[in-house]
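Good morning, everyone, and thank you for making time for this short talk. Please have a look at the structure first, and then I will walk you through it.

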There are 2 protein chains.
Amino acid sequence: MTAVTYELIHVCKQTGARLGRVHTPHGSFDTPAFMPVGTQASVKGMSPDELKEVKAGIILGNTYHLYLRPGHELIKRAGGLHRFMNWDRPILTDSGGFQVFSLAKLRDIQEEGVTFQSHIDGSKHFISPEKSMEIQNALGSDIMMAFDECAPYPCDYDYAKKSMEMTTRWAIRCKQAHKNVEKQSLFGIVQGSTYADLRQESAKQLTELDFPGYAIGGLSVGEPGYIMNDILEKTTPLLPTHKPRYLMGVGSPDYLIDGSIRGVDMFDCVLPTRIGRNGTVFTSKGRIIVRDAKYAEDFSPIDTECDCYVCRNFTRGYIRHLFKSKETLGLRLATWHNLRFLLKLMEDIRKAIRNDRLMDFRNDFFRKYGYEMTTGVPLSEEDKP
Amino acid sequence: MTAVTYELIHVCKQTGARLGRVHTPHGSFDTPAFMPVGTQASVKGMSPDELKEVKAGIILGNTYHLYLRPGHELIKRAGGLHRFMNWDRPILTDSGGFQVFSLAKLRDIQEEGVTFQSHIDGSKHFISPEKSMEIQNALGSDIMMAFDECAPYPCDYDYAKKSMEMTTRWAIRCKQAHKNVEKQSLFGIVQGSTYADLRQESAKQLTELDFPGYAIGGLSVGEPGYIMNDILEKTTPLLPTHKPRYLMGVGSPDYLIDGSIRGVDMFDCVLPTRIGRNGTVFTSKGRIIVRDAKYAEDFSPIDTECDCYVCRNFTRGYIRHLFKSKETLGLRLATWHNLRFLLKLMEDIRKAIRNDRLMDFRNDFFRKYGYEMTTGVPLSEEDKP
């Protein structure tokens with residue numbers, strides 16, 4: 001028995017999407033699930049109680065950031081990440097790989113691992129599969145991610161192939177180095193860029209390693225939505241039915257729905273918190289920039305259909321004033337609403353799966369939100385641009 | 001019957017401090033009371049629900065800031081300040097005078113009023129007693145303050161006298177201009193700098209005008225504590241027993257206790273929110289700078305004796321990490337604790353008054369907090385420096 005298990009509850013007859021539940025040492029959460037990102041042991045602007053109020057079932061922590069500051073050893077001495085940040089529900093930590101490639105300076109990728117300079121102070125560091133496991137074991141997350149190379153988009157076939165193969169070798173080393181299998185479960189990460197055969201090879205190699213769950217990495221890195229959906233359609237069927245599937249870095253409403261339709265169970269993204277901090281909020285009719293002057297005297301809630309604390313208590317005009325006045329409550333309220341909007345969307349997706357009508361839900365949502373109806377629709381060849 | 005009334009419940013036999021209750025159209029609050037400052041329609045970093053969690057009974061709004069941004073007319077159209085910011089308990093607004101003198105550029109004080117430039121965009125404005133009333137009527141605060149001139153410290157006798165006399169003439173004009181006496185009560189402000197005879201004259205003139213409450217302004221502007229206490233001792237006895245007394249701009253624990261001992265019922269100050277944002281927090285053993293490196297591995301609460309949400313859930317080490325990482329949750333938690341610390345102090349002061357032992361409480365608190373025992377003690381001549 002692994003620390004983390006997946007329970008499949010229902011498959012949507014209209015789409016094949018999966019309603020499920022992931023069980024962890026810190027409790028269970030329903031899937032498909034969206035995971036708010038708590039990069040530096042804090043989901044920006046939110047307290048743990050507020051995360052519970054928006055009904056977050058699991059959050060994500062970033063290994064790279066926590067390793068650099070305050071340091072994994074310190075967090076271990078504090079009793080682990082859950083206790084350090086006072087979050088008693090499940091936590092997933094990434095491997096550090098993505099940030100090493102995207103944030104750090106002067107990175108040097110070798111078979112042994114990656115040498116890089118901290119984006120904070122320029123200090124030199126080395127993270128290998130073994131080091132990533134050591135850090136994540138110290139953090140004590142429920143779900144750990146294998147240290148992988150996330151290839152950029154676009155990426156030529158040869159690089160993508162070599163990178164994918166190294167990711168598999170690193171996954172083996174991660175599995176061997178992981179020290180706490182009773183309390184923490186390690187997920188493998190399928191890579192292979194936009195090449196279906198590489199994705200399929202990666203999925204095959206990793207499922208042979210029998211991880212308790214699988215992520216699909218290297219998508220949502222700039223490629224068009226139809227490519228992502230295409231790759232998902234060719235990858236998720238190769239992953240075991242009885243294990244959770246996590247699509248990394250996805251958080252826009254359309255991608256969350258279309259990913260669910262393709263059998264994804266977990267998602268994460270900084271989108272709702274990042275755009276919230278900048279004054280952009282989701283509504284059922286599409287995004288609005290609530291700090292814009294045109295909302296100064298709009299005394300209606302951000303979204304009249306939203307059930308969140310923000311929409312029950314504050315107006316667009318007030319939130320606009322807070323942004324203009326640089327009051328931190330403004331970015332808090334926008335973040336709070338955005339997180340609840342996405343978590344409510346996941347609730348709606350789960351309900352639609354249960355009722356075998358996720359495609360109907362998708363079409364209603366897209367139409368109302370203002371998405372192009374073609375974007376990301378399960379693709380026939382004719383739909384492709 | 002005025003909109004705001006004061007109920008005297010008990011006078012401390014040991015000190016003469018007053019336990020009371022102020023009744024307003026938005027409910028009642030116990031006194032002595034500390035009022036958190038919500039300058040721009042937000043107590044920085046706090047939501048209205050959090051203000052209730054720390055048991056704030058009344059908050060303060062700044063007329064100068066709200067007039068400039070978003071504008072009192074807009075707030076009136078939003079349904080008033082309570083509704084605009086979603087705060088259903090009492091609100092006191094200041095007159096705008098203090099900020100005109102301390103923040104605005106190129107101010108020109110005339111008998112008619114004050115011309116000044118906005119600190120935001122340099123635009124030119126004019127606030128008179130009548131204009132201040134118009135703004136505060138639009139905001140709809142429960143307690144409005146008369147437009148006064150707050151003389152600086154030190155201030156020569158002639159200037160202080162002329163300023164105090166103009167403040168009285170302005171108070172008369174405010175009373176005449178105030179349009180909403182059924183729902184809002186206007187307080188007069190005693191001025192006179194550090195001159196006991198001017199303070200007494202001011203108190204006499206204002207009490208003849210029969211305001212529903214009185215503030216003592218122009219203290220806590222840089223003068224030593226013994227001078228403030230001396231002036232208070234000579235002023236509060238001249239104010240009516242059955243009306244509330246408000247000492248403006250006071251918020252350090254010693255001044256709150258010593259002000260209460262001298263018969264003050266209400267206080268306000270940005271101190272707890274301002275120092276909190278900068279990483280300084282109150283503890284029962286004195287202030288600490290929680291963002292300092294020495295707290296990095298201190299996994300105890302800010303104050304083991306504090307009952308607040310922050311102290312029940314987070315450690316100094318975690319809060320220190322949030323400050324170092326520039327996570328806004330850090331300044332929220334420090335602010336939250338500081339407000340609760342002062343509001344709990346007021347609860348303790350009220351309890352000590354009820355038990356006729358406020359001087360004992362003062363001495364215990366000062367000793368533990370690390371205050372010099374002489375500071376601000378009710379003064380005999382020998383105590384004065």
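Predicted model: local features only at pLDDT ≥ 70, side-chain atom pairs only at ≥ 80, totals over all residues.

Residues are numbered from 1 along each chain as its sequence is written, chains are lettered from A and ligands numbered from 1 in the order in which they are written, and side-chain values use heavy atoms, with hydrogens and water left out.

Let us begin with the two copies. With copies superposed by least squares on the C-alpha atoms of residues with pLDDT of at least 70 in both, chain A can be laid on chain B with an RMSD of 0.0 Å, by a turn of 180° and a shift of 0.0 Å along the axis. That is the relation of a two-fold axis. The residue of chain A that comes closest to the rotation axis is A:T328, whose C-alpha is at 3.9 Å.

If we take contact to mean heavy atoms within 4.5 Å, then 35 residues of chain A are in contact with 35 residues of chain B. The buried area, which is the accessible area (1.4 Å probe) that two parts lose on being put together, summed over both, is about 3,100 Å² between these chains, and carbon and sulfur atoms give 51% of that. Which three residues supply more than any others of the area that chain A buries against chain B? They are A:Y318, A:H321 and A:E327, with 17%.

Two of those names, A:Y318 and A:H321, bring us to helix α13 of chain A, where both are among the buried residues. Helices here are DSSP runs (H or I, at least four residues) and strands likewise (E, at least two), numbered from the N terminus. Buried means under 20% relative accessible area, exposed over 50%, and partly exposed in between (1.4 Å probe, protein chains only). In this helix, residues 316–324, eight of the nine residues are buried. What covers them includes α14 (328–354) of chain A and also α4 (81–85) of chain B. Just after the helix, A:K326 takes a positive phi of about 60°.

The bridge partner of B:T115 is B:F126, which belongs to the uncovered face of β9, whereas B:H125 and B:I127 form the covered one.

Finally, the rings. Rings of Phe, Tyr and Trp (its six-membered ring) pair if their centres lie within 6.5 Å, and planes under 30 degrees apart count as stacked, over 60 as edge-to-face and the rest as tilted. There are 28 aromatic pairs over all chains. In one of them, B:Y157 and B:Y195 have ring centres 5.1 Å apart and planes at 75°, so the pair is edge-to-face. These two residues are 38 residues apart and link distant parts of the chain. B:Y157, at 31% relative accessibility, counts as partly exposed, and B:Y195 counts as partly exposed at 23%.

Methods: Pairing = 2+ DSSP bridges.
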